[in-house]
Amino acid sequence: MSLNRSEKQAVIDEVTGLAAKAQTLVMAEYRGITVADMTKLRSQARDKGVNLSVLKNTLARRAVAGSAFDVLSDQMTGPLIYGFSTDAVAAAKVVADFAKTNEKLVIRAGAMAGKVLDVNGVKQLANIPSKEVLLAQLLGLMQSPISRTARVLAALAEQKGGGNDGVVAAEPAAEAAAA
């Protein structure tokens, strides 16, 4: 089923919008993947905020022309699925994780910030922790000196005899006086 001129322009406009918002584009060859597996991949991608599209390569080339992903135009051949994501690592992570369990999905290339990523580059990008994990690690690093200081001060208070013993002993006496 071929698209007419207006339908093709609509597809190009949609993909151009995706490319304008995206930080990363990952391309993978999907030859031989079952419909069930493709549905599973799309579901995982949706959960991670990745937009996966199967496009005619000529339409994809036109859509990314003039964007940071134009560097991949010469590699857009064969049956490809295109993964766009606003999160820098999400598309690479979804495609690479799925490729580990399904050998028929073959990562071809990717692009980030106007630079082409080869297969190993996409896999390295996929190994970077997500934004939430990085923020949690940063928060842990920032809290570490404070918590260590608090533990040292608590240990000094214990050594000096100013621990919680005085507080605990005073509470039963106050209860006895009130009764």
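What follows is a chat about a predicted model and its secondary structure, sheet, core and salt bridges.

Visitor: Hi! What should I know about the model and its numbering?
Guide: This is a predicted model, where local features need pLDDT of at least 70 and side-chain atom pairs count only at pLDDT 80 or more, while totals for chains, interfaces and linings use all residues. Residues are numbered from 1 along each chain as its sequence is written, and side-chain values use heavy atoms, with hydrogens and water left out.

Visitor: Thanks. How many helices and strands does the chain have?
Guide: The chain has seven helices and five strands. These are DSSP runs numbered from the N terminus, with helices being H or I of at least four residues and strands being E of at least two. From the N terminus on, the order is α-β-α-β-α-β-α-β-β-α-α-α.

Visitor: And in what order do the strands sit in the sheet?
Guide: The order is 2-3-1-4-5, in an open sheet with antiparallel pairing. Two strands pair if DSSP finds at least two bridges between them. Strand 2 (50–54) and strand 5 (115–117) each have a single partner strand, so one side of each has no neighbour in the sheet.

Visitor: How many bridges join strand 1 to strand 3?
Guide: Six bridges join strand 1 (residues 24–29) to strand 3 (residues 80–85), and the two run antiparallel. Met 27 has Tyr 82 in strand 3 as its bridge partner.

Visitor: Changing topic: which residues touch the most other members of the largest nonpolar core?
Guide: Those are Leu 41, Val 50, Ile 81 and Leu 105, out of 24 residues in that core. A nonpolar core is a set of buried Ala, Val, Leu, Ile, Met, Phe, Trp, Tyr and Cys residues joined through side-chain atoms within 4.5 Å. Buried means under 20% relative accessible area, exposed means over 50%, and partly exposed lies in between, using a 1.4 Å probe and protein chains only.

Visitor: Which helix gives the most to this core?
Guide: Helix 4 does, with eight residues.

Visitor: OK, salt bridges. How many does the structure hold?
Guide: The structure holds three. The criterion is a side-chain nitrogen of Lys or Arg within 4 Å of a carboxyl oxygen of Asp or Glu.

Visitor: Which residue forms a salt bridge with Arg 31?
Guide: Glu 29 does, with the closest N and O atoms 3.4 Å apart. Arg 31 counts as exposed because its relative accessibility is 52%, whereas Glu 29 is buried at 17%.

Visitor: What about Arg 108?
Guide: Arg 108 also meets Glu 29 in a salt bridge, at 3.3 Å from N to O. That pair links distant parts of the chain: Arg 108 is in strand 4 (residues 106–112) and Glu 29 is in strand 1, 79 residues apart. Arg 108 is partly exposed at 26% relative accessibility.

Visitor: And how far apart are Asp 97 and Lys 100?
Guide: The closest N and O atoms in that salt bridge are 3.7 Å apart. Asp 97 and Lys 100 are three residues apart in helix 4, so about one helical turn separates them. Asp 97 is partly exposed at 37%, while Lys 100 is exposed at 64%. As for shared partners, salt bridges join Glu 29, Arg 31 and Arg 108 into one network.
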